[in-house]
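This briefing concerns the structure shown below.

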Amino acid sequence: MKKNILLILLGFCVNSLSAQYTLIPDAEFEQKLITQGIDTEGTLDGQVLTDDIDHITLLVLDGNPPVTPYIYDLTGIEDFISLEDLRFSNNKVEQVDLSNLKILLCKFNALTSLDLSNNLLLESVNIDNCPPGICEQENTLTEIDLSNNVNLNNFLSVNNYFIELDFSNNPLLESLTSSYNNNLTSLTVKNGSNLNLDIFN
């Protein structure tokens with residue numbers, strides 16, 4: 001009997017030691033993971049079991065102030081290694097580390113930079129801003145490099161600050177909306193395959 005108990009305790013200790021955690025320093029980010037049943041521990045403790053998140057393909061983190069607080073920090077998102085569709089509109093995120101996405105919806109944030117150079121599977125991007133004076137936060141991106149995103153088929157950017165947009169390496173582009181980007185001085189859509197382009201705004 002004692003031997004069985006010792007074996008059970010030993011197994012528990014081994015499992016506890018082998019469990020890996022991902023740090024989630026933003027409390028509202030973790031709360032959304034708890035609410036959606038992703039953080040199975042259900043405790044707001046600044047971390048989540050990596051096994052709980054490494055298989056997630058769709059993650060919706062849209063803000064709804066003042067009902068829910070803003071998310072400011074998406075640290076930890078890099079361990080969502082299966083993530084294909086990320087939506088975190090209406091928050092105050094300034095930077096984000098992304099890699100495997102196919103769909104990115106990040107409108108109404110506070111982004112100052114966005115590196116999509118490793119997102120070779122990326123198909124759709126929406127980085128709209130609120131009209132001036134409407135939201136507390138706004139994306140202030142002035143540049144974006146889409147040269148590695150050869151699978152991109154949809155790009156939506158309204159009320160932004162881009163100076164130059166170059167889609168010359170995006171032959172699958174079907175929809176391009178870049179309205180009210182008053183700083184825009186150069187727009188290149190010569191990608192050798194503009195017959196695919198159905199929406200150009």
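**Contacts of Asn 129**

The side chain of Asn 129 reaches the backbone nitrogen of Asn 139 at 2.7 Å. A second polar contact, of 3.0 Å, joins the side chain of Asn 129 to that of Asn 160. A polar contact is a pair of N or O atoms within 3.5 Å; within protein, one must be able to donate a hydrogen and the other to accept it, and residues adjacent in sequence count only if both atoms are side-chain atoms.

The model is predicted: local features need pLDDT of at least 70, side-chain atom pairs count only at pLDDT 80 or more, and totals for chains, interfaces and linings use all residues. Residues are numbered from 1 along each chain as its sequence is written, and side-chain values use heavy atoms, with hydrogens and water left out.

**Setting of Asn 129**

- Asn 129 lies in the loop between β6 (124-126) and β7 (154-156).
- With a relative accessible area of 3%, Asn 129 is buried (buried means under 20% relative accessible area, exposed over 50%, and partly exposed in between, with a 1.4 Å probe and protein chains only).

**Overall architecture**

- The chain has three helices and 11 strands; helices (H or I, at least four residues) and strands (E, at least two) are DSSP runs, numbered from the N terminus.
- From the N terminus on, the order of elements is α-β-α-β-α-β-β-β-β-β-β-β-β-β.
- The C-alpha trace spans about 75 × 40 × 20 Å along its principal axes.
- Of the 201 residues in the chain, 39% are buried.

**Salt bridges**

- The structure holds three salt bridges, each defined as a side-chain nitrogen of Lys or Arg within 4 Å of a carboxyl oxygen of Asp or Glu.
- Side chains of opposite charge can pair when their charged atoms come close.
- Glu 28 pairs with Lys 32, and the closest N and O atoms are 3.5 Å apart.
- Because Glu 28 and Lys 32 are four residues apart in helix α2 (residues 27-35), about one helical turn separates them.
- Glu 28 is buried at 13% relative accessibility, and Lys 32 is buried with a relative accessible area of 11%.
- Arg 87 forms a salt bridge with Asp 85, with 2.7 Å between the closest N and O atoms.
- Arg 87 is partly exposed at 30% relative accessibility, whereas Asp 85 is buried with a relative accessible area of 10%.
- Lys 92 and Glu 136 meet through their side chains in a salt bridge of 3.0 Å, N to O.
- This pair links distant parts of the chain, 44 residues apart: Lys 92 is in the loop between β4 and β5, and Glu 136 is in the loop between β6 and β7.
- Lys 92 is buried with a relative accessible area of 18%, whereas Glu 136 is exposed at 63% relative accessibility.

**Negative surface patch**

- Glu 78, Asp 97, Asp 115, Glu 143, Asp 145, Glu 164 and Asp 166 form a negative surface patch.
- Such a patch is made of residues with over 30% relative accessible area and no salt bridge, and like charges are joined within 9 Å.
- One of the patch residues, Asp 97, is placed in the loop between β4 (85-87) and β5 (103-105).
- Asp 97 is partly exposed, at 47% relative accessibility.

**Thr 50 and Phe 80**

- Thr 50 is found in helix α3 (residues 50-53) and is buried at 13% relative accessibility.
- The C-alpha atoms of Thr 50 and Phe 80 are separated by 8.2 Å, although the two residues are 30 residues apart along the chain.

How values were computed: Patches are made of residues with over 30% relative accessible area and no salt bridge: like charges are joined within 9 Å, nonpolar side chains (Val, Leu, Ile, Met, Phe, Trp, Tyr) within 5 Å. Accessible areas come from the Shrake-Rupley method with a 1.4 Å probe; for residues, only the protein chains shown count as cover. Lys and Arg count as positive and Asp and Glu as negative; His and the chain ends are not counted. The place of a charge is taken as NZ of Lys, CZ of Arg, CG of Asp or CD of Glu.
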